[in-house]
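Hi everyone, thanks for making time this morning.

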Amino acid sequence: MTMRVVRRVSVIGACMMFFIGIVTVLNLHAQDTARGQSAKTNVGAALFAPIASVLVHPRCVNCHPMTDYPRQGNDRHRHLFLVARGTDDRGAAGARCTLCHQSQTQRDSGVPGAADWRMAPLAMAWESEPGVVMTAGALCRRVLDKSRNGGRDLHALEEHLQNDHFIQWAWNPGVNSRGQARETPPLSHEQFMQAVRRWTAAGAPCPD
Amino acid sequence: MVALNVNGQQHEIEIEPEAPLLWAIREQLALTGTKFGCGVAACGACTVHLDGQAARSCSVSVAAAVGRQITTIEGLAPNRSHPLQQAWIAEQVPQCGYCQSGMIMAAAALLAVVPQPNEEQIAQAMTNICRCGTYQRVRLAIQRAARQHLEQGK
């Protein structure tokens, strides 16, 4: 009787030890996974931060709003004259973007210009609410989302950011209507592309 | 020399290619119906058509207008017979009149693509500024011209 009890207690003890071991291993694995995820997120935050600093600059995000109108200026005010997005992102009927924006920035008036001047489509909006730019994490995921970014994979994204004439305009925006040079994004285009390449080489991790 | 097609006529003019088209229209070609207002594409007094679309000629370089059909208020219709010009008179739209040629050109570009515009479409298209505040009459004139277009089509 006593031996039987001792054996039963031993079996139960062994089972409990095994269970505790399993739980501990799983827990450690979960911690490792979380730590890995957190490390990846940290890497994402570090690699994407310089990219985000450019994307949320008014020269870029003013034409990436979530609204049916664009914004203007470093204070990101609503585009004057109640300019509207229109059905094709190129303005309203009779008041197309090209009413004022020609294929080049104008020397005398300072009106910005580039070929086929238009707003980014709503799918590529970079605001979380009107006038408020997305967090770096949300922006990163939005930029990577192929259903919203024109079906671009990382290679195509790099190519787009390197060569698109609208993006290049942000670094050559001319002067405003008072003759003052428009502010450019905080990094040069070359520095921006270096940051983009570092980010894509690391697998394009995103911050939280 | 720069070659420009204005109101269906070819012109060779001496002007630097980066100069605003408005200078060529007013100074070189003496078509003074198109007005200088703000010079920064904010008021619309200088509105002309480039290939049928409204454009603010103070912010179009001469070089950008080469090879395109430029239409000014003088070339909108022979004998000022455009339905909008008729409607402008009927509704007595102008007060000082300075902005009105730009207004008519903007309205004509709208009616060319939206013959029966609703109020929102008129508001979105008519971004021109009138210091006399003739906006209500501008809207009435556009609606009158649109009605006339509809009646003529019947």
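This is a predicted model: local features need pLDDT of at least 70, side-chain atom pairs count only at pLDDT 80 or more; totals for chains, interfaces and linings use all residues.

Let's take chain A. It has 6 helices and 6 strands. Of the 208 residues in chain A, 28% are buried. And if you take the contacts in chain A with a separation of 6 or more, 57% of them are between residues 24 or more positions apart.

Now find two of those helices, H4(A), residues 154-163, and H6(A), where the axes come within 10 Å and cross at roughly 175°. How do H4(A) and H6(A) run, then, roughly parallel or roughly antiparallel? Angles over 145 degrees count as roughly antiparallel, and H4(A) and H6(A) are therefore roughly antiparallel to each other. On the H4(A) side, the contact is made by Leu154(A), Glu158(A), Leu161(A) and Gln162(A). Facing them from H6(A) are Met193(A), Val196(A), Arg197(A) and Thr200(A). By class, that gives 4 nonpolar, 2 polar and 2 charged residues.

Stay in chain A for one more residue, Ser177(A). You'll find Ser177(A) in the loop between helix H5 (165-169) and helix H6 (189-201). Leaving aside residues up to four places away in sequence, Ser177(A) touches Ser109(A), Gly110(A) and Val40(B). That last one belongs to chain B, so let's cross over.

In chain B, look for the sheet. It is an open sheet of 5 strands in the order S2-S1-S5-S3-S4, with mixed pairing. Which strands stand at the edges? They are S2 and S4 of chain B, each with a single partner strand, so one side of each is left without a neighbour in the sheet. From one strand to the next, the twist averages 40°.

Strand S1(B), residues 2-6, pairs with S2(B) in the antiparallel sense over 5 bridges. One of the pairs to click on is Ala3(B), whose bridge partner in S2(B) is Glu12(B). S1(B) and S2(B) form a hairpin with 2 residues between them, and Asn7(B) in the turn has a positive phi of about 50°.

Val48(B) stands opposite Ala55(B) in S4(B). These strands form a hairpin too, with 2 residues between them, and Asp51(B) in the turn has a positive phi of about 50°.

Now for the helices of chain B. H4(B) lies across S3 and S4 of chain B, running at about 35° to S3(B). H4(B), residues 100-113, also meets H6(B), residues 135-153: their axes come within 11 Å and cross at roughly 40°. That makes H4(B) oblique to H6(B), and the crossing is right-handed. Met103(B), Ala107(B) and Leu111(B) in H4(B) meet Val138(B), Ile142(B), Ala145(B), Ala146(B) and His149(B) in H6(B). These residues divide into 7 nonpolar, 1 polar and no charged.

Finally, the place where the chains come together. How many residues of chain B are in contact with chain A? There are 24, and they meet 22 residues of chain A. S4, H4 and helix H5 (119-125) of chain B each supply at least two residues of that side. The chain B side divides into 15 nonpolar, 7 polar and 2 charged residues.

That's my tour; I'm happy to take questions.

Technical notes
Residues are numbered from 1 along each chain as its sequence is written. Chains are lettered from A and ligands numbered from 1 in the order in which they are written. Axes are lines fitted to C-alpha atoms, for helices over the stretch in contact, and angles run from 0 to 180 degrees between N-to-C directions. Helices (H or I, at least four residues) and strands (E, at least two) are DSSP runs, numbered from the N terminus. Angles under 35 degrees count as roughly parallel, over 145 as roughly antiparallel, 65 to 115 as roughly perpendicular and the rest as oblique. A crossing is left-handed if the near helix is turned anticlockwise from the far one by less than a right angle, and right-handed if clockwise. Two residues are in contact if their C-beta atoms, placed from the backbone, lie within 7 Å. Ala, Val, Leu, Ile, Met, Phe, Trp, Tyr, Cys and Pro count as nonpolar, Asp, Glu, Lys and Arg as charged, and the others, Gly among them, as polar. Two strands pair if DSSP finds at least two bridges between them. A residue is buried if 20 or more other C-beta atoms lie within 10 Å of its own, exposed if 12 or fewer, and partly exposed in between; C-beta atoms are placed from the backbone.
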